[in-house]
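Morning, everyone. I'll take you through a few local features of this one. Please have the model open.

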Amino acid sequence: MAVCIAVIAKENYPLYIRSVPTQNELKFHYTVHTSLDVVEEKISAVGKAMADQRELYLGLLYPTEDYKVYGYVTNSKVKFVIVVDSSNTSLRDNEIRSMFRKLHNSFTDVMCNPFYNPGDTIQSKAFDGMVSAMMVQAS
Amino acid sequence: MMSPTQWDLPPELCCRPMAFVALTGLDVTYNAIHRAIWDAFCANRRADRVPISFKVLPGDHEYPKCRTKRTSYEWYIPKGILKTGWMNKHLNLVPALVVLFYELDWDDPVWKEKQSECATKVEIVRTSLQGRNTKVAVVLIQKKTPLPPGEDLVASERAASLCNACDLSGKSLFVLPHTDHLVGYIIRLENAFYEHAQTYYYTEIRRVKSHKEFLNKTTHQLLFVRHQFKIAFFSELKQDTQNALKYYRTAYSLVHELRTHETNMLEIKTMAGFTNYKICRLCFQHNTPLDAIAQFRKHIDLCKKKIGSAELAFEHTAWMSKQFQSFGDLFDEAIKLGLTAIQTQNPGFYYQQAAYYAQERKQQAAHMCAHEVRYPTPDPLETLSGALDFYGQRAWRQGHQSIDPPDAEKEKVGIQALQVKEKDVPHSELIIALLSNAVAQFKKYKCPRMKSHLMVQMGEEYYHAKDYTKALKLLDYVMCDYRTERWWSLLTSILGTALRCSYLMAHVKDYITYSMELIGRASTLWEDQKSRIEKNLIKVLMNEVPEAEPDCDPASAKAAQALWSDRVSLAGSNRFTIELLNVGILLQCKARFLSPSFHLDDPVQLHLYLKADCPHPVRFSKLCVSLSNQVLYNQFCVVEESCKSQDILEPLSQENMCLVPGKTRKYSFKFVAKTEDVGKKIEITAVDLMLGTDNGRCVLLNWRGGGGDAASSHEAIQAARSFRSRGRVPEQHAQWDTVSIQASTMIISRVPKISVQLSHKPPALSNEMYCICVSIQSNEKTVAKDVKLTAGLKPGQDANLTQSTQVTLNGLEVCDESHPALLPDIAIGDLQPGEKVEKSLYVCCVTTGPRIFLFHVAYTMTTQAEGTDITCKCHKDETVTIETVVPFDVAMKFVSTKFEHLERVYVDVPFLLMTDILSASPWPLHLVSSQLLLAPTMVALDEPQSQVEHVVLQTGECASECFSLQCPPVLNGTSSVASGQYLISWKRCSSCADAPVVTTVVTLSHVMVETIPLYVHAELPSFGRVRESLPVRYHIQNRTGLVQDVEMSVEPSDAFMFSGLKQVRLRILPGAEHEMLYNFYPLMAGYQNLPLLNISLLRFPTVSGQLLRRFLPSRIFVKPQGRQAEDASIAAA
């Protein structure tokens, strides 16, 4: 399960960021922020012509000693980042993909809310609940 | 300044091992020849030369003693894995080959003596190398160039004898002639040396391998590792890197098979580290970087948890840090040699991780070495030799290999000594060095955010190292990146550190700036923290010492207090200007002109919005807006109030100069623009707001342009999108987010109150004087002075239009090309209120097509705005598009006298010219007259008179004329001749009587004129009747100057019987005419073809009967026999 989940706007500012409360929150903010380097590079590497067929899931962005950072970019260039503990070997690529899919579905629901203003930080309870379910439960 | 530490890898491990060859018998100091030889060996050692490290040693040099070889390992218990001196010994002390240089020519006069001297020298070297497998070789330095092998019998004989004397094989004796080609000889020599060296290392490998059979797995585990390492190292010396890699890999797995316990953990890790280093290095060398990375990952995974003694945990992190650092170095080195790295796999990550471990080491050190303990005496880290015998062992129990330490007390003291030593390590320095390495790498691999993050860490480390200036510099540098990316949480954290730095340095300006930003809305601090910071800020503004920041080191905070007190007492330098470019602070400011443009007679209106985001109200003392191009306006845009410094504490919220948290305050400014600014842009260059007062501290906040910060433009967009923005907000409390910045406005001229009307009757007809009537009426309340009309073709259209358009005010005469296309500044004079003026303008358009005409009325007038008189220049433009069409189309044709269409005309044969004038004008045309101007090649048969004079043509009507003409003879048989011109004079029916008549000239087309030698024409009644005689008379005219022989025949026809000459040949005199009479007797009714008359000229075979037949009728209408046959026959006769 994830230790940090973040939704980043098209312009690269955070829309939503949530990490396990037991650890230093700031550190995760930095991890997510630095991972945007790789996301940007991966998006720009895909040619303009191929942009339509681009896969949304970007895979493992970069490994650190302690964490694995995965990325996902929607067609509207909203980025999802999931940070997983490196020691957690039970999570395979497929599980990560399905987490991103869930996240995307839930994000779509948020966007469909007529009272949500695209570009504002996300304050949806439903979204929060879904993210909580994907996070490592603090024991 | 950093000396090598315990954790640095030994240089003999990191270098590339090369075969060691000792050169003896060379006197490089005093002998020039020897010097030259030595230089040739050691200079220019490029990659293409064999890898040997040479060293000059004296002939009697003592090589390290060889220990007596062990015959049995049965009772031997090894004391460690690898001796510290071993690698160096084989790199620099024990040569693979010793070369003895000796000056001796083959024909030396004292050969015998020299030979034995040489043999002695060889013997000395051999003795010194007792027990080693080192080879010995002899090089004879000779003055003479040797003969080709086999030719010099003396040489081969003496060489054999020398080999014998020295106990050398023939392969170990070399000759070095000292001639021009020294370098060439040297290169051949060193290749030979290299072979010898390789044999040496090969035997060494065999020797080490041979020990294996004596070892057992229980007591000799360490030796397995040692031997594999040695074999690998010798393989490297032999330049057999593939095998070296193989043996290092075995050594590496053997290291991890060793039994580990607290006492030998360090030794195992050290050796694992060494072996890992070698493996990675070789992998990079073999261009298999992925293998290197995989090995390193494996290494880290295996060693991560091998912490060893808990009291010395910092040693583990130090070691880990070093592992990452040295791998980073290897990676970086490989890149310099051509490897390509990528964004997600570059040395930066390893440096970053090394820095991370270094940080951890620092924390552990701070935690474990906090207690005040003096360095123990005697020094437990002291050894007899000054160095350790084995890598990775403890000085106080060298060679100890059992599980428990031999002496618990000694162990304790030793650990204490290490802890005390750790205290002196410059941790921050190490961390910063690693971080800056990482920054350099991430910069190279396009990771700007990672770079920023590392710079933040560097800044924080500098802060911990109390180097606040550098810390601030770094933090300030990256802050704007986080600001533009709008990661407020990160920005707040950085600002917090920056604020502490500036506090500890008592840096007033920075302190104020960072406080303001931390109080502002971008900061994610809690309200109580903001409130604390704001109180401090107010203190600073009142020139007092602020409270210390929490989380500051108490000692530093105390020092800072003193610094602040000094600042307070210091006079002057209490005025600060803070430029706010994209920086969001406790106040937000937005300025907007109410409109993107203002008319000159309207006052320019400017609204300035201020909003405080801080927890407490803020009071300012001055507010001014600076505008571009005119310093004149700035005086209108100032809000000022002299306030005493104690007022800052209890501001009254209803006051104008006080900002209440969360409330938007609006300031309106109004001024009248200057006349000379018409057409110019007025921009807000800056908004300045003064906090504090001149006698206390005063801070001038300076917003560039119309204010706003990194977040506001985004917020404005969000607000515009939001459903909340739809109305509902009372105008007075305009929602802050919806206010958009309008930092510039245009000054445009006053709206003219004048009407310009045009009356005309389009379309214009080409060439006519088209009349456009302009009426100008003033609706101004005052006199419009100096009214000027500019009228004509609008500039900027096709250049050809300018050529083909003329404009005049005089409608009585037709324009010519001297008239312009645009009449500028036609003076009209002054217009009283309500007065109306009319002007007629005549336009002559030569070509057809649309044209745009411009009527520009300019005038000046005086008006009042905001109580001042201003002179305004106003102008009004009116444009109209006028199409020009042709008034009529003229068609003409040539016809014969029988109104038959003519392709060509014949000399002296009369024909008709017909002209049709078809009106294309929508307005009726009055044709005044027409005239035919004939070319000399044509003559009129009668006086041609206009037949269309004073005809009025309505749209679509046509007027036709007919002229009878004839062509005089032409020189050669046929030619194309000009016909002349057709002039039509006309005008519009609607135009006034004295309007000029327009003459349109139509050039008539050319026509072909042909001369014919014979002219035939027939004379016959207009119709015939069945069975009644039809007399036909043919006239044949000779038009040449010669007598013509003419043959004529009439072909029979079914429709006619006839009488007359059927076939005749006759002769016609020049100019004479012959007449032939036939009586045709029609047999059938209806149109009947006449019997064909064939005429052929014997002199002009080209003139065929076909041509002549054209002059004759081809058929005739025959009526049926009527009842009144008598009458009909009379008529026929």
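Start in chain B, where helix 14 passes helix 15 in a left-handed crossing. Left-handed here means that the near helix is turned anticlockwise from the far one by less than a right angle; clockwise would be right-handed. Helices are DSSP runs of H or I with at least four residues, strands are runs of E with at least two, and both are numbered from the N terminus.

Before I go on, the ground rules. This is a predicted model, where local features need pLDDT of at least 70, side-chain atom pairs count only at pLDDT 80 or more, and totals for chains, interfaces and linings use all residues. Residues are numbered from 1 along each chain as its sequence is written, chains are lettered from A and ligands numbered from 1 in the order in which they are written, and side-chain values use heavy atoms, with hydrogens and water left out.

Back to the pair. Helix 14 of chain B covers residues 427-444 and helix 15 of chain B covers 448-464; they pack at about 165°, axes 9 Å apart. Axes are lines fitted to C-alpha atoms, for helices over the stretch in contact, and angles run from 0 to 180 degrees between N-to-C directions. The two helices are therefore roughly antiparallel. The cut-offs: under 35 degrees is roughly parallel, over 145 roughly antiparallel, 65 to 115 roughly perpendicular, and the rest oblique.

Who makes the contact? Helix 14 of chain B contributes residues including B:Ile431, B:Leu435 and B:Phe442, and helix 15 of chain B residues including B:Leu454, B:Met458 and B:Tyr462. Contact means heavy atoms within 4.5 Å. The contact residues divide into eleven nonpolar, three polar and three charged. Nonpolar covers Ala, Val, Leu, Ile, Met, Phe, Trp, Tyr, Cys and Pro; charged covers Asp, Glu, Lys and Arg; the others, Gly among them, are polar.

B:Lys466 has a positive phi of about 65°, although it is not a glycine. At 46% relative accessibility, B:Lys466 counts as partly exposed. Buried is under 20% relative accessible area, exposed over 50%, partly exposed in between, with a 1.4 Å probe and protein chains only.

B:His950 also has a positive phi, near 60°. B:His950 lies in the loop between strand 30 (939-940) and strand 31 (951-953) of chain B. At 52%, B:His950 counts as exposed.

Now another helix pair. Helix 3 (86-93) and helix 7 (221-237) of chain B pack at about 25°, axes 11 Å apart. That makes them roughly parallel. Their crossing is right-handed. Among the contact residues are B:Trp86 and B:Leu91 of helix 3, and B:Phe229 and B:Phe233 of helix 7.

Is B:Arg394 buried or exposed? Buried, at 10% relative accessibility. Beyond its sequence neighbours within four places, B:Arg394 contacts B:Leu266, B:Leu312, B:Glu315, B:Leu388 and B:Leu418.

One peptide bond to note: B:Pro762 to B:Pro763 is cis, omega near -5°.

Last, the core. The largest nonpolar core has 249 residues, and A:Phe127 and B:Leu701 have the most contacts inside it. Such a core is a set of buried Ala, Val, Leu, Ile, Met, Phe, Trp, Tyr and Cys residues joined through side-chain atoms within 4.5 Å.
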